[in-house]
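Please read this short report next to the sequence and the structure.

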Amino acid sequence: MRYLPHTREDIEQMLQVVGATDLDALFSSIPDDCLRKKEMNLPEPLTEWELNGHMDHLAAGMGASPACKVFMGAGSYNHYIPEITRQLLLRSEFFTAYTPYQPEISQGTLQTIFEYQTLVCRLLGMDVANASMYDGASGLAEALLMAIRVSHRKKVAVSRAVHPLYRKVVETYFAPTDYEVVELPVGVDGRTDFSGLKDLGELACVALQSPNFFGCIEDLESAGKAIHADKKTLFVTAFSEPLAYGLLKNPGVCGADIVCGEGQSFGIPQSFGGPGLGMFAARQPYVRAMPGRLVGKTVDRDGKTGFVLTLATREQHIRREKATSNICSNQGLCATASTMYMAAMGGTGIRELSRLNRDRAEYLKASLAGAGYASAFTAPTFNEFVVRFPEGFSDTWQALLKKKIVAGLHLAPWYPELSDCWLMCVTEAIDKNDIDGLVKEVTR
Amino acid sequence: MKEISELNLPENVRYTDDHEWAQKKGDVFRIGISDYAQEQLGDIVFVELPEVGSTFDKGEEFGTVESVKAVSELYMPMGGEVTAINEALAEAPELVNSDPYNGGWMLEIKADDPAELDTLKSRADYLEMLKG
């Protein structure tokens, strides 16, 4: 589709066809009080080169500009996006496609989503994945509601080491319900403390994040065993950095029942926080309680392979009042981007990149420790970790920002007990020189 | 599709307007859907049933049945407490298609008022309704 402005001649021709004298006559059916009377307060038009210059100038003032060294992750990660992803996404078949309700004309889109589901299942070690949700946070809220549907219980436990914003979204989803959310504390090593689990009563599920918000890798296997001591309690695993599963045992192997999280790391730009991609997968027996839509592979009556939306009967466009969730428009283009990313990287590529992230983060951790800034927690980490800095580091942080270095995220607003702690992140976008530069600056 | 005359409509069960049936089995009542209902739905792929111990009034929704082309709610022919559900349907929902009155039963309930059975339609009345 081309978006070209109409010339005066175009407009006059169209008015003639519909029999209107002028544009005011054409819009005469719009009530007067709905019409804008004043001119829009817009600056004069710019030429294309002036506009580019203007945008470059605005972008240069942002902490996200290429000139900045960003050591902040906290749920949104600066990863390299292969050119193949960027180019393929521009194909109009993907770019403009809406919800593929009509399988006969949507085979390409449906197949892409099917491939996406397959890759997500392989990455997470699960049986079935949906065609994506808004983001990791809403994915977690939906996972908890799903566990309530499956278990017929009303209380869920969520680790305090789950991303604070994910927990906020859960609060919002749960506010109008009579379901209860209880919090599991964090132990001194930075991982969730399960010692009080038995006293919490009948739980629909227990939700962890791994790597958690502090970057610590949770011991999912032993967590799963503790949680499944009650057979009806489901084990929900969330994540904000799926790249970690290139190295770590996936949640499926560790006994998770539902896995959900943010897929932004895989081929989606950070874009100041959105759009993201909610990855969502579960074990086969729970498929009917899953939110969102699924694409299935089947054969037509001539035996030819075809792709269709399956289990759509639980979705709001068929039975709105019975829908398992109100997710109505999937993140189709973001899911497509992550499919291209995963396919382009391959299992080996994801593993190598994962190792690179871990190694570089470990290098910064060791360098900071060598300079006297110890990690706050002892648990193993992936590409993020928490460092304690001496009093007054906030000033250093501000000074570094002026030098185009974003030295992590201050945890005080989210965790008052960690007021001297910063969450640091290193991805492949940060190299050894950048790391050495940061360490030199903070020890100055 | 079967003609109405070909439908399997036993004399020993009672029917509702919503096409469920109920039958006295000793102390309890069995509940399922009629041959007509399963014919209309087509291949059944999933039956969602309530937990044992839950209670329902007559006419209240107790579950859903999902076929390849539709999802329908299931309504209680009589009020009561669920004493058993047909576990076999989880693995083999197609039993509702092949054997709606025996292998494809859905619930057993302890009725609040056993006399409610007599308010349901007999085979003749149900057949009359189907013929329109």
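How many residue pairs are in polar contact between chain A and chain B? The count is one residue pair, both residues being at pLDDT 80 or more. A polar contact is a pair of N or O atoms within 3.5 Å; within protein, one must be able to donate a hydrogen and the other to accept it, and residues adjacent in sequence count only if both atoms are side-chain atoms.

This is a predicted model, in which local features need pLDDT of at least 70 and side-chain atom pairs count only at pLDDT 80 or more, while totals for chains, interfaces and linings use all residues. Residues are numbered from 1 along each chain as its sequence is written, chains are lettered from A and ligands numbered from 1 in the order in which they are written, and side-chain values use heavy atoms, with hydrogens and water left out.

**The interface**

Seven residues of chain A are in contact (heavy atoms within 4.5 Å) with nine residues of chain B. Between them the two chains bury about 680 Å², with 46% of it on carbon and sulfur atoms. Buried area here is the accessible area (1.4 Å probe) that two parts lose on being put together, summed over both. Two salt bridges are counted between chain A and chain B. A salt bridge is a side-chain nitrogen of Lys or Arg within 4 Å of a carboxyl oxygen of Asp or Glu. B:Glu66 and A:Arg288 form a salt bridge through their side chains, at 3.4 Å from N to O.

**Salt bridges**

Over all chains, the whole structure has 24 salt bridges. The table gives three of them.

| A:Asp178 | A:Lys154 | 3.0 Å |

Helices (H or I, at least four residues) and strands (E, at least two) are DSSP runs, numbered from the N terminus. B:Asp35 is buried, with a relative accessible area of 2%, and B:Lys2 is partly exposed at 35%. Buried means under 20% relative accessible area, exposed over 50%, and partly exposed in between (1.4 Å probe, protein chains only). In chain A, A:Asp178 is exposed at 54%, while A:Lys154 is partly exposed at 46%. A:Arg160, A:Arg167, A:Glu183 and A:Glu417 are linked in a network of salt bridges.

**A buried serine**

A:Ser138 is found in helix H7 (residues 136-151) of chain A. Its relative accessible area is 5%, so A:Ser138 counts as buried. The side chains of A:Ser138 and A:Asp135 are joined by a polar contact of 2.8 Å. Leaving out residues up to four places away in sequence, A:Ser138 touches A:Val169 and A:Tyr173.

**A loop residue in chain B**

B:Asn102 is in the loop between helix H3 (95-98) and strand E9 (107-111) of chain B. With 47% relative accessibility, B:Asn102 is partly exposed. From B:Asn102 to B:Gly32 there are 70 residues in sequence and 8.9 Å in space, C-alpha to C-alpha.
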